[in-house]
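Open your viewer and show the chain as a cartoon.

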Amino acid sequence: MKLDFALLNAIVAVANAGGFREAARVTGTNPSRLSDAVRRAEQQLGVRLFNRTTRTVVLTDAGKALMERLQPAMSEVDAALDAINRFRSTPSGTLRLNVPVSAARLVLPAIVPAFLAQYPDIQLEIVAESNVQDVFRDSCDAGIRYDECLEQDMVALPIGPRRQRFAAAAAPVYLQQHGIPQHPRDLITHNCIRGRYASGVSPEWEFERDGEPLRVQVSGSLVVSVGSAVELAVQAAIAGSGIIYLFEEWLHPALDQGELIPLLEPWWLSFNGPYLYYNSRRLIPAPLQAFIDFVRA
């Protein structure tokens, strides 16, 4: 039995995404088109591949059996097409990177424009998340992370600045009203602008001086989502709402213009810069290989 290749792609996309809406977002199409493609595939095959409710889309036993054989075959097709891509003078295709919001702001602006200029046939998609999870979620080819435990077969390629710091700062008006902290422990009595992860955890502020680490659990009237709402935190700090502790590069413009005053600088925590993570055992698509080569150069 023959089935249109586009219908097979639709089945795989919906199965991997766990739903029509998410599959449409990943593939750049619309849910109704994918739903119609799956319906036509089921009609031609004579079996139901998905059980659908208003909230879930789950593979049937027939769908699972098909995916067990279909997924490896589609991967081989992608690999074959990508092998042909290597014979082109200029790589083409889509490269999807999963990155934290901080990397999208502080690392990629110095890389992306030059990369796209050198490889105009590559479409680069950046998935910037506050709550960073699996590098390969959303069909991403690679991701940027800070010092994390590497899973087996993962490669870490340095990207961006190799050393970074967190910087504590506050607006002049705040310091005039509340005084200047002389030690990180003094922050306990100050109004600090805190971040909170999607898990609900509000991390302690970490400092270090002469090899002596120090953690302080601060408090304050403003709490923002780590990553997505950080710019609000910066603007609030500039307006005098409290003390902020953030990537030094993120605060540079406000520090340089005197909108924020650096605090406790000898205690600022220094840490390793980010890495580009990818799986060494997966076939590296031509767009990703081009990006790896570009970063190495």
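**Before you start**

This is a predicted model: local features need pLDDT of at least 70, side-chain atom pairs count only at pLDDT 80 or more, and totals for chains, interfaces and linings use all residues. Residues are numbered from 1 along each chain as its sequence is written, and side-chain values use heavy atoms, leaving out hydrogens and water.

**Stop 1: the whole chain**

Select everything. The protein chain has ten helices and 15 strands. Helices (H or I, at least four residues) and strands (E, at least two) are DSSP runs, numbered from the N terminus. Of the 297 residues, 42% are buried. Buried means under 20% relative accessible area, exposed over 50%, and partly exposed in between, with a 1.4 Å probe and protein chains only. Now consider contacts, meaning heavy atoms within 4.5 Å. Among contacts between residues at least 6 apart in sequence, 73% join residues at least 24 apart.

**Stop 2: α1 and α2**

Select residues 5-17 for helix α1 and residues 20-27 for helix α2. Their axes come within 8 Å and cross at roughly 115°. That makes α1 roughly perpendicular to α2. Angles of 65 to 115 degrees count as roughly perpendicular, under 35 as roughly parallel, over 145 as roughly antiparallel, and the rest as oblique. The axes are lines fitted to C-alpha atoms, for helices over the stretch in contact, and angles run from 0 to 180 degrees between N-to-C directions.

Which residues make the contact? Show A13, V14 and A17 of α1, then F20, E22, A23 and T27 of α2. They divide into five nonpolar, one polar and one charged. Here Ala, Val, Leu, Ile, Met, Phe, Trp, Tyr, Cys and Pro count as nonpolar, Asp, Glu, Lys and Arg as charged, and the others, Gly among them, as polar.

**Stop 3: α8 and α9**

Move on to another pair. The axes of α8 and α9 come within 11 Å and cross at roughly 30°. That makes α8 roughly parallel to α9. Show V230, E231, V234 and I238 in α8, which meet W250, L251 and A254 in α9. This contact has six nonpolar residues, no polar ones and one charged.

**Stop 4: the core**

Select I244, L251 and L260. These have the most contacts inside the largest nonpolar core, which has 41 residues. Such a core is a set of buried Ala, Val, Leu, Ile, Met, Phe, Trp, Tyr and Cys residues joined through side-chain atoms within 4.5 Å. Which helix gives the most to this core? It is α8, with five residues. Other elements that each supply at least two include β7 (163-170) and α7 (172-178). In soluble globular proteins, nonpolar side chains tend to be buried together.

**Stop 5: single residues**

Find E248 in helix α9. Is E248 buried or exposed? E248 is buried, with a relative accessible area of 17%. Leaving out residues up to four places away in sequence, E248 touches R165, F166, A167 and W268.

Next, pick A156 in strand β6 (residues 154-158). A156 is partly exposed, at 31% relative accessibility.

Finish with two loops. D210 lies between β9 and β10, and L264 between β13 (261-263) and β14 (270-272). D210 has a positive phi of about 55° although it is not a glycine. L264 also has a positive phi of about 55° without being a glycine. D210 is exposed at 78%, whereas L264 is buried at 10%.
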